[in-house]
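Biologist: I have just opened this one and would like a walk through it. Where shall we begin?
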Amino acid sequence: MSGIAIMTDSNCGIMPAEESHYGIHVLPMPIIIDGKTYFEGIDISAEEFYRKQLSGSVITTSQPSPGDVTDMWDRLLKVYDGIVFIPMSSGLSNTCQTALLLAGEEPYEGRVFVVDNHRISVTQALSVLDAKVLADEGHTGSEIKDILEREAMDATIYIAVDTLEYLKKGGRITAAAAALGTILKIKPVLTIQGGKLDSFAKARGMKSAFRVMLDALKTDISSRFSHLREENRLKIGLANTMMDEERLEQFKNELQNTFPDLELVYFPLTMSIGTHVGPGGLGIGAVRYR
């Protein structure tokens, strides 16, 4: 037996094919397209997903089945003493609550520790990588869970939506609001603070939306995260759904130039997020790291 396994789901932006690179284990999220279930990073690529989305396919998201979760736990517990599982935020999915219930039963109680640290995308990925550092340092599963949950609020995310079509399909806005917003080129800016996705602002055009997000991030970093910046324990992050590479590089460069002293971490926004955001979405944020 060898220490603690670090497990997450693909909502963090790390795909199953990248497991060995990071030394972690990734549960692929299911995506239902025209009634057929696919598993992110296993039998559908991002390119194929957005091709189907743009062609009008009916796409919905689902949480992993309890059997898929425990099957991975069973495999890992044959090799490791314990598991720290870091799923997406409990405020955005029932995956975390289901896993917490499963971890309280035999044979997992005391061996599987489910972390609810209210994160997704880049901030979730940084939690996963922090957990790997802590495991390598010899911390127990219980200790890692406690540390990550204690530091859960040391993260901020802002997301700009380029098209209103998929928010409309998901029932988050009305058809009339989507139509009017499209005519006026309104780009909603959303935020995740503590796990829930909330409306933050509206902007005319994607460049304006990016400026709104950048100003909000400046405020967060100069106020509630100023101590982390001084301690060199803060990173900035950027993520996106299908976007022109030149445009993406412009946003990356502007973000890095605004915070030249902070390391920029990039992961693509996952298909689960892309289902609701659609192509052309952009997220930026900041997060504590070890």
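Biologist: Which aromatic cluster do Trp-73, Phe-85 and Tyr-108 belong to, one or several?
Modeller: Trp-73, Phe-85 and Tyr-108 form one aromatic cluster, and please keep in mind throughout that this is a predicted model.

Biologist: How many aromatic pairs does the count come to?
Modeller: The count comes to six aromatic pairs. In one of them, the ring centres of Trp-73 and Phe-85 are 6.2 Å apart and the planes stand at 75°, so this pair is edge-to-face. It links distant parts of the chain, with Trp-73 in helix H3 (residues 66–77) and Phe-85 in strand E6, 12 residues apart.

Biologist: And what about Trp-73 with Tyr-108, how are those rings set?
Modeller: The ring centres of Trp-73 and Tyr-108 are 5.1 Å apart and the planes are at 65°, so this pair is edge-to-face. Because Trp-73 lies in helix H3 while Tyr-108 lies in the loop between H4 and E7, the pair ties together parts that are 35 residues apart in sequence.

Biologist: Is Tyr-108 buried or exposed?
Modeller: Tyr-108 is buried, with a relative accessible area of 8%. Trp-73 counts as buried at 0% relative accessibility, and Phe-85 also counts as buried at 0%.

Biologist: Let's move to the sheets. In what order do the strands of the four-stranded one come?
Modeller: Its four strands form an open sheet in the order E2-E1-E6-E7, and the pairing is parallel. Strand E2 (25–27) and strand E7 (112–114) are the edge strands, each pairing on one side only. The twist averages 25° from one strand to the next.

Biologist: How many bridges join E1 to E2?
Modeller: Three bridges join strand E1 (residues 4–9) to E2, and the two run parallel. Thr-8 stands opposite Val-26 in E2.

Biologist: Which strands does helix H4 touch?
Modeller: Helix H4 (residues 95–103) packs on this sheet and touches strand E6 (82–86) and E7, with its direction at about 150° to that of E7. Helix H5 (residues 121–136) packs on the sheet as well, touching E1 and E6, and its direction makes about 175° with that of E1.

Biologist: What is the strand order in the six-stranded sheet?
Modeller: Those six strands form an open sheet in the order E10-E9-E8-E13-E11-E12, with mixed pairing. Strand E10 (197–204) and strand E12 (264–266) stand at the edges with a single partner strand each, so one side of each is left without a neighbour in the sheet. Neighbouring strands are turned by 20° against each other on average, direction ignored.

Biologist: In which sense do E8 and E9 pair, parallel or antiparallel?
Modeller: Strand E8 (residues 155–160) and strand E9 (residues 186–192) pair in the antiparallel sense over four bridges, and Ile-157 stands opposite Ile-192 in E9. H5 packs on this sheet, where it touches E8, strand E11 (234–240), E12 and strand E13 (282–288), and its direction makes about 130° with that of E11. Helix H11 (residues 245–258) lies across E11, E12 and E13, running at about 165° to E11.

Biologist: What is Leu-148 in contact with?
Modeller: Leaving aside neighbours within four places in sequence, Leu-148 is in contact with Ile-86, Val-115, Asn-117, Ser-127, Asp-130, Ala-131 and Leu-134.

Biologist: One last thing, which ring does the charged end of Lys-252 sit over?
Modeller: The charged end of Lys-252 sits over the ring of Tyr-266, 4.0 Å from its centre, and Lys-235 lies over the face of Tyr-289, at 4.5 Å from the ring centre.

Conventions:
Residues are numbered from 1 along each chain as its sequence is written. This is a predicted model: local features need pLDDT of at least 70, side-chain atom pairs count only at pLDDT 80 or more; totals for chains, interfaces and linings use all residues. Side-chain values use heavy atoms; hydrogens and water are left out. Two strands pair if DSSP finds at least two bridges between them. Axes are lines fitted to C-alpha atoms, for helices over the stretch in contact, and angles run from 0 to 180 degrees between N-to-C directions. Contact means heavy atoms within 4.5 Å. Rings of Phe, Tyr and Trp (its six-membered ring) pair if their centres lie within 6.5 Å; planes under 30 degrees apart count as stacked, over 60 as edge-to-face and the rest as tilted. Buried means under 20% relative accessible area, exposed over 50%, partly exposed in between (1.4 Å probe, protein chains only). A charge sits over a ring if NZ of Lys or CZ of Arg is within 6 Å of the ring centre and within 35 degrees of the ring normal.
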